[in-house]
Structures are given as structure tokens and as C-alpha cells.
Amino acid sequence: MATVMDGELASVSVSKVINPVYLDETVEEVFGLMLGVPVEVVEGVLQAGDETATMTAMIGLAGAISGTCAMLVRSEAGIHMAGCMAGMELTAVDETVLDGLGEITNMLAGAWKAKIPELHGSVMLSVPTVVTGTQYEVHRKEPVFFVERSYKLGEHFFTVRIYGVIH
Amino acid sequence: MKIMIVDDSTMMRKVIERALRQAGMNLTEVIQANNGLEALDFLRESVGSEPAFDLILSDINMPTMDGLEFVERRKQEGLALGVPVVMITTEGSSPHVMRALAAGAKGYICKPFTADQIKACVTPLLNAA
């Protein structure tokens, strides 16, 4: 899903920001190169109110756009991702898993903005933040742009969202 | 080969080390620094020992001291200036590249990366050193 909430699309960079193809290419690249695993696009699978433990890794974006790049995963998927990245089997959510998810999201944000020339040199990234829990909701102010895609990684699923305002 | 990997992510330091070994690098000692300040401390401690390091790989976005400040401070203090520094980072934009190169970095690798990409960047620098 990709939407612009307000105003008229006035520049090429805006249309690129909401183009899900850039996000899909980014996810395939990061997971293929750093985790060595293929991913495929699927319909959204992480539903609101799901009580399974989840993790949300976030990277702040600042500069030509202000916003957030977030990856939402269930614990099992997060453990699997971190294990692929570390090249070892992991069995529980620990510092390694949190670190790995933060770094994956960091690379997603960096590789995504690198695909959009207008953003590449004018958007900075924050250090990662990872939130864990079983029942929580993320509330955000209404963004100007919102791009969300879900992916399948083996038997696991995850969602990546990029949203914010354009300056 | 003695190297230093500077990154606030333990995971990324492991990934980088693994990629270097996959690229065929014979790593005899790998020093890991959590940020630019720790890296500077390692360089200060190694003053007088030859060679201090054969290669330094550094991230940019790190708390306490980022990678750009690290390479700039290394240059100011004249620490291990003969050791090639390669930035490995998600921040592949021109301003960051230019600032790192101006401060003495010899190469730049964007995350995500492959072992072949690291090898292609690092090998000429090691041969020239």
C-alpha cells in the first residue's frame, strides 16, 4: 500500500518516495546479500490486535524527509532473521537478535534512500530502536506519505513501513 | 593480518569479519571497537608497535563518536596514518564520502555488501600499503 495523504504530487521525488517497487527492491537486496535468503512480496499479514509477541525495529529519517522506517516481525521471524545474518542458529530473543533486527532495518533505510537520488545525500538516519512486547500499538501523527509492504521469508512473514512528511 | 573493525553493532562486526574471511583474508588478529572513541584508544595504545594494524574498517553512524569524527581525529593526532581506513556504512551519500576521504579514508563500502565487494575494495589498498 502506498498513499499520499495530502496535497498534490509536485515532484518526481514524491512519486518515487511512495513507489513500492523501490521498497521491494531494497528488501530483496538486503535480505539476499546480508542474510543470503530470498524473500517474496505478499499481502499484509501482521494484523492489528495480534497477541503474538512482536518486535518493531525503527530507524528515524531526517532531512529532506522526516519520518520512520520500521520493520515489524513476530518473535520467531526475528530470531530466524538474526540467525541467518549471524550464520548461526538462535533460539530466543536476546541482544544478538535485537542487534540484528536493528541493523537489518538500518540497511533497509539506507539502501531505500540510496535508490532515490533526491534523498540519497539529503536524508540522515538515526541509530536503531527496537521495541518488543506482546500487546502494544504504535500511534503516529498522520503522515504525508506512507509505504507499507509485507514479505515472506521461508515460513515467516514481516512488514516494512516507511512514512513521514516531505520538506 | 591484524585488523580493527569499528561498529556499534556486535552483529555487524561478526558479519564483516566473516565476509573478510570468505574473501580469503588471513586474519590473525581482529580488534573490535564499539565506536570511534574506543578505536582511537586502541590506536593510541598501539603507538610504537609496527605494524599497528594492516587495515581498519569503520562504520559511520555510531554513538559517542561517529566514524567521520574518528578518521578526522586520527588524522589530527597522527595515529597509524599508514594504515588504510575503509568506511563500511549505510551512509553512502556524497557529503559523507567526501568528508571521509578528505579525512584520510581510502575506501568506501555501502551496506549491504558481498564478500567480493569487500575484497575488491580492500585488496588494492593492502597491496599498496
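1. Where in chain B does B:Asp66 lie? B:Asp66 sits in a loop of chain B, between strand S3 (55-58) and helix H3 (67-77). This is a predicted model, so every point below concerns a prediction.

2. Stay with B:Asp66 for a moment. Is B:Asp66 buried or exposed? B:Asp66 is buried, because 23 other C-beta atoms lie within 10 Å, and 20 or more is the cut-off for that label. Leaving aside residues up to four places away in sequence, B:Asp66 touches B:Gly36, B:Ile60 and B:Asn61. B:Val83 is 17 residues apart from B:Asp66 along the chain. Their C-alpha atoms are separated by 19 Å.

3. Confidence in chain A comes next. Its mean pLDDT is 85. Of the residues of chain A, 86% reach 70 or more. One stretch to read with care is residues 5-12 of chain A, where the pLDDT is below 50. Beyond near neighbours in sequence, that stretch has 7 contacts in the model.

4. Now the nonpolar core. The largest one has 85 residues. Which residues have the most contacts inside it? They are A:Met71, A:Leu101 and A:Leu108. Helix H4 (residues 95-114) of chain A gives the most to this core, with 10 residues.

5. A:Met71 deserves a look of its own. Not counting residues up to four places away in sequence, A:Met71 touches A:Ala57, A:Leu101, A:Ile104, A:Thr105, A:Leu108, A:Phe158 and A:Val160.

6. Then look at how two helices of chain A meet. The axes of helix H3 (residues 75-86) and H4(A) come within 9 Å. They cross at roughly 80 degrees, which means H3(A) is roughly perpendicular to H4(A). From H3(A), the residues in contact are A:Gly78, A:Ile79, A:Met81, A:Ala82, A:Met85 and A:Ala86. From H4(A), they are A:Thr96, A:Val97, A:Gly100, A:Leu101 and A:Ile104. Sorted by class, this contact has 8 nonpolar and 3 polar residues, and no charged ones.

7. Last, the two chains together. How many residues of chain A are in contact with chain B? There are 21, and they meet 19 residues of chain B. On the side of chain A that touches chain B, helix H2 (20-35), H3 and H4 of chain A each supply at least two residues. H4(A) provides the largest share of that side, 10 residues. By class, the side of chain A that touches chain B divides into 11 nonpolar, 7 polar and 3 charged residues.

How values were computed:
Residues are numbered from 1 along each chain as its sequence is written. Chains are lettered from A and ligands numbered from 1 in the order in which they are written. This is a predicted model: local features need pLDDT of at least 70, side-chain atom pairs count only at pLDDT 80 or more; totals for chains, interfaces and linings use all residues. A nonpolar core is a set of buried Ala, Val, Leu, Ile, Met, Phe, Trp, Tyr and Cys residues joined through C-beta atoms within 7 Å. A residue is buried if 20 or more other C-beta atoms lie within 10 Å of its own, exposed if 12 or fewer, and partly exposed in between; C-beta atoms are placed from the backbone. Helices (H or I, at least four residues) and strands (E, at least two) are DSSP runs, numbered from the N terminus. Two residues are in contact if their C-beta atoms, placed from the backbone, lie within 7 Å. Axes are lines fitted to C-alpha atoms, for helices over the stretch in contact, and angles run from 0 to 180 degrees between N-to-C directions. Angles under 35 degrees count as roughly parallel, over 145 as roughly antiparallel, 65 to 115 as roughly perpendicular and the rest as oblique. Ala, Val, Leu, Ile, Met, Phe, Trp, Tyr, Cys and Pro count as nonpolar, Asp, Glu, Lys and Arg as charged, and the others, Gly among them, as polar. pLDDT is the predictor's confidence in each residue, from 0 to 100.
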